[in-house]
Amino acid sequence: MKHARTAIFKTLRLLTLVSACLAANAFADEYSDVSQLLRSNKFPEAMTKVDSYLAAKPADPQLRFLKGVIQRNMGKQAEAIVTFTKLTQDFPELPEPYNNLAVLYAGQGEYDKARVALEMAIRTNPSYATAHENIGDVYARLASQAYNKALQLDNNNAAVPPKLALIREVFKPNLTNPRPTPGASATAAAPPAPAPVATAKPEPAVAKPASKPEPAITAPVAVAPAVVPVAKPAANPVDTDAVKSAQAAVQAWAQAWENQDMVKYLAAYSPQFVPAGKQSRNAWEKERHSRIVGKSHISVTLNNLKISTMGDKATATFRQAYKSGSLSVSSRKTLEMQQANGKWLITRESTGN
């Protein structure tokens with residue numbers, strides 16, 4: 001039943017922050033050492049390594065996140081919950097520890113706690129797609145419990161069974177093992193972060209369905225020659241000037257963030273920009289101000305920046321490396337932009353896949 005409960009969740013995303021950390025710290029031997037042991041399912045050895053590294057860097061969020069992943073893979077759910085809970089307290093700007101807490105709570109059937117944790121993940125990063133998907137699954141599981149309770153209280157209520165059957169049909173037990181395989185990349189899954197992060201696909205495995213399945217918290221044809229040859233239409237030429245100006249706009253946005261220049265930072269967003277989630281534009285601006293201004297140092301580096309344009313619209317995709325104090329995270333980001341009065345302005349911002 002435990003597997004049925006957790007299969008619905010993107011536990012595949014457990015190594016998201018880990019993957020991001022490795023991307024941002026390509027030469028950090030301690031992270032790669034532990035990650036390699038995780039890939040090999042050598043959890044006791046991985047725990048020994050991470051504990052030895054934490055002795056020298058007790059506050060390191062990446063190492064602490066790794067420890068939580070190891071604890072969960074070793075079946076130490078309670079200890080993993082403590083580890084991730086402490087991470088949310090020390091680094092409340094990271095959404096991944098909240099997501100992982102939700103997965104652990106769901107595995108114990110504590111769906112209300114899972115819901116609260118996911119709401120915090122979304123509040124921390126409204127564009128965190130994994131948390132949005134997971135919270136939808138939590139709501140479905142809570143709905144299933146409510147419908148079952150309704151039937152217990154009134155088994156003559158003909159309106160309830162079809163609803164319950166629909167949820168069970170949607171969440172039939174699948175053949176994917178809910179436990180993640182360490183070391184995969186979190187792209188189809190997800191980590192982390194204030195600027196959120198990318199990730200890990202778990203290897204498929206066969207999970208045993210429950211006896212009474214509950215909704216789980218997923219020869220060439222000849223062609224006559226033409227008398228007159230027809231020329232192929234020319235491909236649409238790339239507007240290099242538009243690409244360059246859009247690229248410059250993205251770089252200026254990142255520079256304003258790094259310089260904590262809120263006037264230029266907010267000016268990079270279109271008046272039509274709508275924050276993710278249910279946040280108002282005014283509330284979003286205040287939150288961004290509180291997260292950016294006052295930091296002793298911020299570094300925002302854009303890697304593998306790609307720009308595609310079509311008329312007055314452009315899409316920028318890149319990997320963003322964010323550093324501030326002891327926090328260092330990497331995430332895949334997409335900016336949708338529109339040209340207005342000769343300037344490229346951001347109309348939509350998303351993180352992850």
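What separates R115 and E119 in helix 8? The two are 4 residues apart in helix 8 (residues 111–124), which means a separation of about one helical turn. A salt bridge here is a side-chain nitrogen of Lys or Arg within 4 Å of a carboxyl oxygen of Asp or Glu. R115 is partly exposed at 23% relative accessibility, and E119 is partly exposed at 33%. Buried means under 20% relative accessible area, exposed over 50%, and partly exposed in between (1.4 Å probe, protein chains only).

This is a predicted model, in which local features need pLDDT of at least 70 and side-chain atom pairs count only at pLDDT 80 or more, while totals for chains, interfaces and linings use all residues. Residues are numbered from 1 along each chain as its sequence is written, and side-chain values use heavy atoms, with hydrogens and water left out.

Across the whole structure, a search finds 10 salt bridges. One of them joins D90 and R64, whose closest N and O atoms are 2.7 Å apart. This pair links distant parts of the chain, 26 residues apart: D90 lies in helix 6 (residues 77–90) and R64 in helix 5 (residues 61–73). Helices (H or I, at least four residues) and strands (E, at least two) are DSSP runs, numbered from the N terminus. D90 is partly exposed at 35%, whereas R64 is buried at 12%.

A salt bridge also forms between E349 and K333 (3.1 Å, N to O). It links strand 4 (residues 343–351), which holds E349, to strand 3 (residues 327–340), which holds K333, the two residues being 16 apart. E349 is buried, with a relative accessible area of 17%, and K333 is buried at 4%. Elsewhere, salt bridges that share partners join R64, K86 and D90 into one network.
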